[in-house]
Amino acid sequence: MNIELAEKIISNLNTSGVSEFIVCAGARNAPFVKILGASDGARVRFFYDERAAGFYALGRTRQSGRPVAVITTSGTAAAELLPAAIEAYYSGVPLVLVTADRPQNFRGSGSPQTIEQVGLFSYYAQKTLDLSKPEDVPAEFTFHSTLHLNVCFSEPLLDRKITALQLRDANVSLSERSGAANNGEVSRFFSTVKKPLVLASALPASVRGRVLEFLSNLNAPIYAEAQSGLRECQRLLPLILKSGEAMLKPENILREFDGVLRIGSVPTVRLWRDLDLTLAKMPVLSVSDTEFSGLAREVKTAVTFSSLFSYSAVGAAPKHDGLTIDSQNYIKLGDLFARLPLAEPSLFRRLSRVIPPDDLIFVGNSLPIREWDFAADYAHPHENVFANRGANGIDGVISTFIGMSKTQCENWLVIGDLSALYDLNALSFAEPGKRLRIVVVNNNGGQIFTRMFNDSHFVNPHTLNFQKWAEMFGFEYVTSDLSEPLDLKSERVVIELKPDNSQSEKFWVSYTEVTRPEVTR
Ligand SMILES: Cc1ncc(C[n+]2csc(CCOP(=O)(O)OP(=O)(O)O)c2C)c(N)n1
């Protein structure tokens, strides 16, 4: 029955739209390993680290727009998928988690490699099925968010001969977030908010054109994060705030704006957290393709894009003062970049000039995503910037990036040193034909905490460099301060940037000084 059960699961997943399987072999999932090892027509990859495999599958799902299944054996192997499941859940990615299990009567016994697997992913499996018999397997699966299939196999594990399955490269259109256009909440927001600030965060490519149209009609100042794909958009540039978070301090927000329109995923910028603290009374409207409002307020859901688009924004916001202050600050910022060339933000600025416009860029959490948003040059547009912002983890970043990488362009990852150390074995996922440029910003620890707490216990300082790591996985290794063009010879490269931490410190002190309101007004 095991082989029949596993065949039915693979076939039905495949006909429902899964044509890619990442398999981490153990004994308990032997039926899946044998069947997928012998089948044709689907993309199958084998790997040994389930945590990395979960994130790689997440990256593959985000790249292809189709559900990808990751298959583990029983026990802690299954538990290793939890971080990727959480990230997928909050970013609305349809990841399929298939965990092999011992038969149901072993539950609660503590026998070898037996843990409580049903409910293992808690909230983070949108749907869970506990499958023991072929008759339990649904003919069709639907994919909205995370799906957990826990599959029980008894011994003998390989209970009959395998027949090679002929799988197909299935196409599936994922169901969009449902809900008819209802612009009631949108018009209510604009009936009270007359001076809105727009926060644009990660946007699906499919809605960018319409968001662009809406925002140019609205004519309100915009803080656009790079993941929106609109940060350097020529048409919106006159409305874009370019001098970083100084303009977004609570006192400035209260003076210049009377509401916040957030479009896209939950923003990274500090202001978003202030909207639950000192700015808790400021009206906020969230528009997103995931349901989460991202704020601990009474309204915990976001409205759909179609609700926003059914509202006519023409003339909703008057011409705005905040933009003048921002432009003055932006000029001062230019001087800072020139004066402190080895400060971390200055390196990010140069890096943004080095990366060609159509390349894929993945930014790690902690400082990289913030410094890219802050410092990337507005004269060098990049529309394909991604990050793991569902749960903001520093885990699984390299695995997700390699999963998302494409053959048609260069693929750049910009990552902190601790985040890189977290996911070292991910380089095994590299495949021929994909040009990977992994930029490790090695500032010797988690420097995001230096500015927050000034206590080295948070930082985990070290003196490691990444040369041997690159060599171990056959990557070219380069160090640079980006003052000269990069001369990369290989398909796969690790580029280590070493900011001067004392220049970075001076940079942020000077930034606060030059953008202080008394100085600017
Ligand atoms: C899995 C996980 N563990 C811990 C954290 C908390 N955290 C946020 S940033 C950070 C330090 C990251 O250091 P690094 O990657 O070197 O980046 P830097 O701060 O230097 O930019 C930590 C530990 C997290 N976000 N995710």
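Among contacts in the protein chain between residues at least 6 apart in sequence, 74% join residues at least 24 apart. The model described here is predicted. The protein chain contains 19 helices and 16 strands, and buried residues account for 56% of its 521 residues.

**Overall dimensions and surface**

- A compact globule of 521 residues would have a radius of gyration near 24 Å, and because the protein chain has 24 Å, the two values agree.
- Taken along the principal axes, the box filled by the C-alpha atoms of the protein chain is roughly 80 × 55 × 40 Å.
- The protein chain has an accessible surface of about 21500 Å², and 52% of this surface belongs to carbon and sulfur atoms.

**Charged side chains**

- The protein chain carries 53 positive and 58 negative side chains.
- The centres of these two sets of charges lie 3 Å apart.

- Strand E1 spans residues 20-23 and is covered on both faces.
- Glu20 and Ile22 are buried on one side of E1, while Phe21 and Val23 are buried on the other.
- In a regular strand, side chains alternate between the two faces of the sheet.
- E1 pairs with strand E2 (residues 43-46) in the parallel sense, over 4 bridges.
- The bridge partner of glutamate 20 in E2 is arginine 43.

**Strand E11 and its two partners**

- Strand E11 spans residues 360-363, and both of its faces are covered.
- E11 pairs in the parallel sense with strand E13 (residues 410-416) over 4 bridges.
- E11 also pairs in the parallel sense with strand E12 (residues 385-386), here over 2 bridges.
- Phenylalanine 362 stands opposite leucine 413 in E13, and the bridge partner of phenylalanine 362 in E12 is phenylalanine 386.

**Helix H13**

- Helix H13 covers residues 367-375 and is mostly covered, with 8 of its 9 residues buried.
- The buried residues of H13 include Leu367, Pro368, Ile369, Trp372, Phe374 and Ala375.
- Glu371 and Asp373 are also among the buried residues of H13.

Technical notes:
Residues numbered from 1 in each chain as written. Predicted model: local features only at pLDDT ≥ 70, side-chain atom pairs only at ≥ 80, totals over all residues. Heavy atoms only, no water. Buried < 20%, exposed > 50% of the residue type's maximum accessible area, 1.4 Å probe, protein only. Rg over C-alpha atoms; globule rule 2.2 N^0.38 Å. Contact = heavy atoms within 4.5 Å. Areas by Shrake-Rupley, 256 points an atom, 1.4 Å probe, with all protein chains shown as cover. Lys, Arg positive; Asp, Glu negative; His and termini not counted. Charge placed at Lys NZ, Arg CZ, Asp CG, Glu CD. Pairing = 2+ DSSP bridges.
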